[in-house]
Structure formats: structure tokens, C-alpha cells
Amino acid sequence: MRIDIITCLPQLLDSFFAASILKRAQDKELVSVNVHDLRDYTTYKHKQVDDYAFGGGAGMVLMIEPIANCIRSLQKDRTYDEIIYVTPDGERLNQRIANRLSLKENLLILCGHYKGVDERVREHFVTQEISIGDYVLSGGELAAAVISDSVIRLIPGVLSDETSALTDSFQDDMLAPPIYTRPADFEGWVVPEVLLSGHEAKINDWRYEQALQRTRTRRPDLLNE
Ligand code: ADE
């Protein structure tokens, strides 16, 4: 998979993708993440990429020209499965969206800044709009990082134990069950006995029941009950 990210603050993203699982995924060539500085694509003086909104009002708007130049330049080399704009008024990110995106070959993510982007970018280039939650960030970079992380960890081979993505919360429209590790007894706080029994079917039943119970109490909206 290849992910291209367009931003006017590339330094915010560079360190994020240079560490941890995301770095390993790139080292293993399972994904390639490429951050592009919007300012490299403007023809305006002083690398200007934003301007005042027509009709007035507070806040600057990212101009269509540098964005169009950047997208078209990237499109010369590949076709994008989705051109994603991250915005608080987009569809709320969830595991289903992450799963679907993890099957794609080429993703392009456009980060807004200031008040956002000229509406014509959304009309003519963007194929999907995603929000990471009902709050406003000062730019789309964190949202692009969140989406990329949620997608990259689902690519087969990225996590060392592949099944661990399959047992994540939300993967079966349920929260994950409680988990424990050594010691089995910490100052009298003991691990549920069934987990020490070695009886796989019983353990699976217990985990399913716990996941169901946890989902019922914390996120009943996930269950069609
Ligand atoms: N840009 C600013 N706020 C955002 C949010 N909540 N989700 C996605 N992109 C954003």
C-alpha cells in the first residue's frame, strides 16, 4: 500500500511515521508513506498557499491551485483508490472504514488548515471525507496520522502476531474482553481461573461473554439488540 499525505506542515507528520510499528511497516515495505509539502506546489510569492475567504469572515482558506498542482502531479504516477479530505464535517472514522481502506493500494490524504480548503477542491478532487471525532483540531495532520495508523496496522504482516488485529476492540462490532499477564496473583488480585485452565474452548466462551457484557454496559450502541 502507498499513502500520500498533502499538508502545509510536513514536520508535524515526519516524526510520527518515523517511529514504532509505522516505521517497521515501511522498513518491511508493506507500506510507503509519503508526506508532501503543499508549499512546494504554489506559484504564489512567498510560498503562499492560503488566502482570505470571498465574502469576508474570519480565517484563511487553503487555495485550490497549489492543491490541484500537487494532486495532479501525484496522479501522473498512479491512480488513487480514494482521495480523502480530513474534516470535522466528514464521516466519523470507525473500524469498518479502517478495514475497508486497508484493502486499497493507493490512498491520498489531504490535510486542511485554518478554516479549511476551497470548496471546489472537495467538489472536484475529493472522493471521501473523514472526521476523527466531534471536535475541531487546528489542522488535519493529527487526523491524517490517526487514519493512517488505524489502516496500516491492519495490513497483513504489519503486526507481528497477525491475530492481534483480529481481536481488537470493534473488530466484531464488540469491545475487546479484559486481558491479563503474569503474575497470576498480584497481592491477592488474581487472574480469572478459566484463563489458567488451558481449556481453549472454555477460554474462548469466557472471552466472548466478557466482551459482550463489556459492550452492553459501555457501548450498547454497537449491538443490534
Ligand atoms: N480537522 C480539524 N478537525 C478535524 C477532525 N475532528 N477530524 C478530521 N479532520 C479535522
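This is a predicted model: local features need pLDDT of at least 70, side-chain atom pairs count only at pLDDT 80 or more; totals for chains, interfaces and linings use all residues.
Biologist: Why is Asp4 called buried?

Modeller: Buried means under 20% relative accessible area. Asp4 has 0% relative accessibility, so Asp4 counts as buried. The residue lies in strand β1, residues 2–7.

Biologist: What makes the pairing of the Asp4 and His36 side chains a polar contact?

Modeller: A polar contact needs a pair of N or O atoms within 3.5 Å, one able to donate a hydrogen and the other to accept it. The side chains of Asp4 and His36 are joined at 2.7 Å, and the cut-off is 3.5 Å, so the pair qualifies. A polar contact of 2.7 Å also joins the side chains of Asp4 and Tyr80.

Biologist: Which residues does Asp4 touch, not counting residues up to four places away in sequence?

Modeller: Asp4 touches Asn34, His36, Leu74, Arg78, Tyr80, Leu107, Leu108 and Ile109. Contact here means heavy atoms within 4.5 Å.

Biologist: Why does Thr87 count as buried?

Modeller: The relative accessibility of Thr87 is 8%, and the limit for buried is under 20%. Thr87 therefore counts as buried. Thr87 is found in strand β5, residues 82–92. Its side chain makes a polar contact of 2.6 Å with that of Asp89. Leaving out residues up to four places away in sequence, Thr87 touches Arg122, Glu129, Ile130 and Ser131.

Biologist: Which residues surround the ligand?

Modeller: Thr87 is one of them, and the others are Val86, Pro88, Ile130, Ser131, Ile132, Gly133, Tyr135, Val136, Leu137, Gly139 and Ala143.

Biologist: How many residues of each class line the largest pocket?

Modeller: The lining has eight nonpolar, three polar and three charged residues. The pocket holds about 410 Å³ of space. Of its 14 lining residues, Thr167, Asp168, Ala176, Pro177 and Arg207 are the closest to the centre.

Biologist: Which helix supplies the largest share of that lining?

Modeller: α8 does, with four residues. Helices α7 (163–166) and α8 (200–218) each supply at least two.

Technical notes:
Residues are numbered from 1 along each chain as its sequence is written. Side-chain values use heavy atoms; hydrogens and water are left out. On a 1 Å grid over the protein atoms alone, a cavity is a set of points where a 1.4 Å probe fits but cannot get out, and a pocket is an open set with protein on both sides within 12 Å along at least five of seven lines; lining residues have an atom within 4 Å of a point. Grid points are joined across faces, edges and corners, and a volume is the space filled by probe spheres set on the points. Ala, Val, Leu, Ile, Met, Phe, Trp, Tyr, Cys and Pro count as nonpolar, Asp, Glu, Lys and Arg as charged, and the others, Gly among them, as polar. Buried means under 20% relative accessible area, exposed over 50%, partly exposed in between (1.4 Å probe, protein chains only). A residue is near a molecule or strand if one of its heavy atoms lies within 4 Å of it.
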